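Please look through the structure shown here before reading on. The report that follows takes up the ligand site, then each chain, and then a few single residues.

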Amino acid sequence: MIKNNIWRAIINYFFILLIFLAILQFYFFYYLNLGWALLTSFIFALGLGWILFKQVISPLKKMNMVTKAIGQGNLNQELPFYGQKEISQLAQNINDLVRQQKKVLAQITAEKNRIQTILNSMMEGVIALDKQGNILLLNSAVENFLGIAQEAYLGKNILSLIRNYDLERAVKRVLKSEKPITQELQLIYPEPSFYYLKATPLKNQEQEKEGIVILLRNITKEKRLDQMRTEFVANISHELRTPLTSISGFLETLRDGAIDDPAATHRILEIMSKETGRLAKLINDLLHLSKIEERRVVHRWQLVQLKEIINQVAAMFQPQAQQKSLSLTVEMPVELPCVSGDPDLLAQVLTNLVDNAIKYTPPDGHVLIRATTDKDNVQVEVKDTGIGIPPEDLPRVFERFYRVEKARARELGGIGVGLAIVKHIIKAHGGSIKAESIPHQGSAFKVTLPTEKIETEE
Amino acid sequence: MRARGTFEQELTDLQQDILRLASLTEETIYGAVQFLLQQDVAGANQIISGDVLIDKLAQEIEDKCVKLIATQQPIAYDLRLAITSLKFLVSLERMADYAVNIARATLYIYGYPLNRQLMEYTSKMSRVVQQMIKEALDAYVYNDAQRAREMCSLDDEVDFISAKIFQEAVRAMREKTQPQIVIPAVYFLLISRYLERIADHATNIGEEVIFLITGEKRELN
Ligand SMILES: Nc1ncnc2c1ncn2[C@@H]1O[C@H](COP(=O)(O)OP(=O)(O)OP(=O)(O)O)[C@@H](O)[C@H]1O
Ligand SMILES: [Mg+2]
């Protein structure tokens with residue numbers, strides 16, 4: 001373009017030169033020789049051209065370059081001032097324009113960053129879709145939920161991002177009806193989880209539909225707790241009903257005449273007292289757990305001889321073990337340091353652990369209570385050769401009401417609070433508990449308690 | 001870019017239809033196994049009745065696809081896309097049918113004592129199979145032939161667990177003390193067969209994805 005213009009200017013120059021020469025010829029025909037005339041005019045024209053170039057063409061060229069760069073998005077450009085007034089004005093205007101543009105852009109960027117930060121700080125997942133259901137935007141919560149990187153999905157259809165029939169149907173419905181909807185959603189990948197979904201139509205200023213915004217809240221935990229609670233109620237009812245049915249059955253028998261037979265009465269009373277005991281234990285366990293959890297237990301802190309407690313508990317379970325042909329053995333050093341704590345609560349810990357070990361070990365197995373000590377701690381381990389706990393359940397057995405394989409535990413009469421109680425008590429004593437297990441080979445629960453005197457924390 | 005804008009749109013729609021059907025199939029398989037492991041009869045019934053929807057959807061997509069091939073006469077990649085879509089349809093529908101079979105088995109074994117080991121193996125096997133389906137479909141979504149190739153190595157694991165299920169079922173049936181165990185053990189054998197067939201179809205889908213992207217036919221594994 002510029003080159004073209006220069007050529008045109010040169011041609012024009014020669015054309016004007018020709019006219020100029022003709023005029024000169026006309027006036028000074030006799031006085032001037034042609035060579036001189038040509039030379040003066042050429043020098044004159046050169047000077048004129050130089051001024052023209054300096055003042056107009058060069059600034060225009062520069063502006064041309066700069067505006068082109070601006071058009072391509074490079075706003076870091078400034079034009080210098082020029083002598084020529086009009087051109088200087090133009091340069092000034094362009095500079096103002098660029099500065100203004102820069103400010104607006106900075107504002108927009110700041111705004112966008114702010115919104116992105118807000119979106120990314122949300123616990124809920126946010127997905128924005130256009131009218132076709134293609135992804136416009138998603139926040140980091142969604143990336144976390146789905147284990148993906150955002151870039152891979154921008155512009156793709158929602159079905160590519162989340163292959164879920166219900167979700168796509170919800171999107172379609174909202175796009176059609178233009179009314180928001182809420183519903184629950186189960187996703188299989190990357191982990192099976194539940195979401196609460198809210199889909200709202202997105203409209204522009206003219207109230208035309210633009211797309212849709214989806215909010216996702218992960219409710220897997222709530223769902224799981226809910227399920228555990230339902231199961232718990234079912235179990236507890238079952239647990240309460242079984243002894244009650246038995247008691248009321250025997251009461252009936254007594255009333256129907258068995259009371260006149262002293263031998264039968266004696267036997268029935270025996271059974272009834274056992275069943276009442278079971279009921280009482282159940283209710284005690286529950287009360288106990290809730291008390292411990294609410295930290296309402298009054299601890300009777302004192303120096304405790306773990307040795308005594310271990311022997312007591314072992315003796316208590318000996319008959320039960322024999323009934324199942326299990327060997328129940330105790331292994332401990334002659335000297336076992338005292339720990340400080342509540343003897344009843346510590347006895348309860350051991351009781352629950354040994355109870356489980358016996359309960360979950362098939363006949364002809366072994367249960368071992370072993371105590372060891374080092375400088376600062378006493379370790380008590382309850383080990384069995386039972387059915388074990390699958391690795392995926394192991395981290396969860398200390399949750400209240402959690403039982404591995406519901407059917408099996410119910411058969412054995414557990415409600416899943418034993419280990420929860422154990423964990424709370426150990427925590428209150430400043431100790432720790434660890435479970436290890438190999439399925440079908442056995443389990444080991446290791447309690448560690450500090451020997452030195454501990455501060456009463458509660 | 002070709003000038004036929006509606007044709008482009010139709011192809012995109014077709015791909016989305018496939019993904020929609022795939023989502024239903026994936027959920028059906030997941031649900032069927034889940035309800036089996038939880039012994040949830042109501043859930044199993046739901047899976048069985050849900051099959052109608054899958055069949056209907058598959059039929060609709062097939063009609064659309066055939067019409068597209070007949071009227072637009074696509075070539076090269078577009079033709080491959082249309083053909084693979086037809087094959088996906090068949091595979092996805094079959095997979096869902098096997099899931100329904102698993103749901104039926106759940107009803108038949110309900111109430112019988114269950115072998116824990118068999119349940120564990122089945123759960124593990126189903127996880128691998130579902131991973132295969134996911135990888136195959138993701139390869140389709142991402143246009144990623146490499147992913148499709150890698151997914152097929154999971155098939156060995158499926159075979160391995162399947163063999164274990166066979167051993168355990170036979171062992172359980174030989175035990176004379178518990179005759180009630182025979183029926184569920186037989187069903188677990190069948191279920192492992194169903195899962196194997198589902199894995200085969202997942203492999204087919206993986207092969208088709210490779211064909212779609214590279215244009216070459218190759219037998220995987
Ligand atoms: N020694 C063990 N061997 C195998 N499984 C165990 C053992 N101890 C605990 N478990 C598993 O952990 C679960 C939780 O145990 P927990 O003691 O809390 O409940 P429970 O024994 O079922 O009921 P309870 O409240 O009557 O003790 C049990 O249901 C059982 O499945
Ligand atoms: Mg217990």
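## The ligand site and its two-chain setting

Sorted by class, the residues in the shell around ligand 1 are 11 nonpolar, six polar and four charged. The model discussed here is a predicted one, and every value given for it is computed from that prediction.

In that model 21 residues surround ligand 1, and the closest of them are Asn356(A), Asp384(A), Gly416(A), Val417(A) and Leu419(A). The elements of chain A that give two or more residues to the shell are α10 (343–359), α11 (406–411), α12 (418–428) and β12 (442–450). Among the contributions to that shell, the largest share, three residues, comes from α10(A). A side chain takes part as well: an N or O atom in the side chain of Lys359(A) is 3.2 Å from an oxygen atom of ligand 1.

## The two chains

Chain A contains 12 helices and 12 strands, whereas chain B has seven helices and zero strands. Read along its sequence, chain B accordingly follows the pattern α-α-α-α-α-α-α. The table sets out some overall values for each chain.

| Chain | Residues | Share buried | Source of value |
|---|---|---|---|
| Chain A | 458 residues | 38% buried | computed from the model |
| Chain B | 221 residues | 52% buried | computed from the model |

As for surface, chain A exposes about 28,200 Å², of which carbon and sulfur atoms supply 59%; chain B exposes about 10,300 Å², with carbon and sulfur atoms supplying 53%. Among contacts in chain A between residues at least 6 apart in sequence, 59% join residues at least 24 apart, and for chain B the corresponding share is 84%.

Each chain has a helix numbered α3. In chain A, helix α3 (residues 85–120) has 36 residues and reaches 52 Å from its first C-alpha to its last, close to the 52 Å expected at 1.5 Å a residue. Buried residues of α3(A) include Ile87(A), Ser88(A), Ala91(A) and Ile94(A), and also Asn95(A), Val98(A) and Leu119(A). In chain B, helix α3 (residues 76–109) has 34 residues and reaches 50 Å between its first and last C-alpha atoms, close to the 50 Å expected at 1.5 Å a residue. After α3(B) comes Gly111(B), whose phi is positive, near 95°.

## Single residues in context

Which residues is Gln130(B) in contact with, leaving aside its neighbours within four places in sequence? They are Ile188(A) and Tyr189(A), from chain A, together with Ile29(B) and Tyr30(B), from chain B. Gln130(B) itself lies in helix α4 (residues 116–142) of chain B, and it counts as buried because its relative accessibility is 8%, under the 20% cut-off.

Asn377(A) has its place in strand β10 (residues 377–384) of chain A, and a relative accessibility of 24% is why Asn377(A) counts as partly exposed. Although Asn377(A) and Thr451(A) are 74 residues apart along the chain, their C-alpha atoms are separated by 5.0 Å. Thr451(A) is also one of the residues that Asn377(A) touches, along with Thr372(A), Thr448(A), Leu449(A) and Pro450(A), when residues up to four places away in sequence are not counted.

Leu202(A), placed in strand β4 (residues 193–203) of chain A, is partly exposed, with a relative accessible area of 29%. With residues up to four places away in sequence not counted, Leu202(A) touches Glu208(A), Lys209(A), Glu210(A), Gly211(A), Ile212(A) and Val213(A). Leu202(A) and Pro180(A) are 22 residues apart in sequence and 9.7 Å apart in space, C-alpha to C-alpha.

Is Lys274(A) buried or exposed? Lys274(A) is exposed, because its relative accessible area is 67%, and it lies in helix α8 (residues 262–293) of chain A. From C-alpha to C-alpha, Lys274(A) and Pro243(A) are 8.9 Å apart in space, and they are 31 residues apart in sequence.

How values were computed:
Residues are numbered from 1 along each chain as its sequence is written. Chains are lettered from A and ligands numbered from 1 in the order in which they are written. This is a predicted model: local features need pLDDT of at least 70, side-chain atom pairs count only at pLDDT 80 or more; totals for chains, interfaces and linings use all residues. Side-chain values use heavy atoms; hydrogens and water are left out. A residue is near a molecule or strand if one of its heavy atoms lies within 4 Å of it. A polar contact is a pair of N or O atoms within 3.5 Å; within protein, one must be able to donate a hydrogen and the other to accept it, and residues adjacent in sequence count only if both atoms are side-chain atoms. Helices (H or I, at least four residues) and strands (E, at least two) are DSSP runs, numbered from the N terminus. Ala, Val, Leu, Ile, Met, Phe, Trp, Tyr, Cys and Pro count as nonpolar, Asp, Glu, Lys and Arg as charged, and the others, Gly among them, as polar. The expected span of a helix is 1.5 Å times one less than its number of residues. Buried means under 20% relative accessible area, exposed over 50%, partly exposed in between (1.4 Å probe, protein chains only). Contact means heavy atoms within 4.5 Å. Accessible areas come from the Shrake-Rupley method with a 1.4 Å probe; for residues, only the protein chains shown count as cover.
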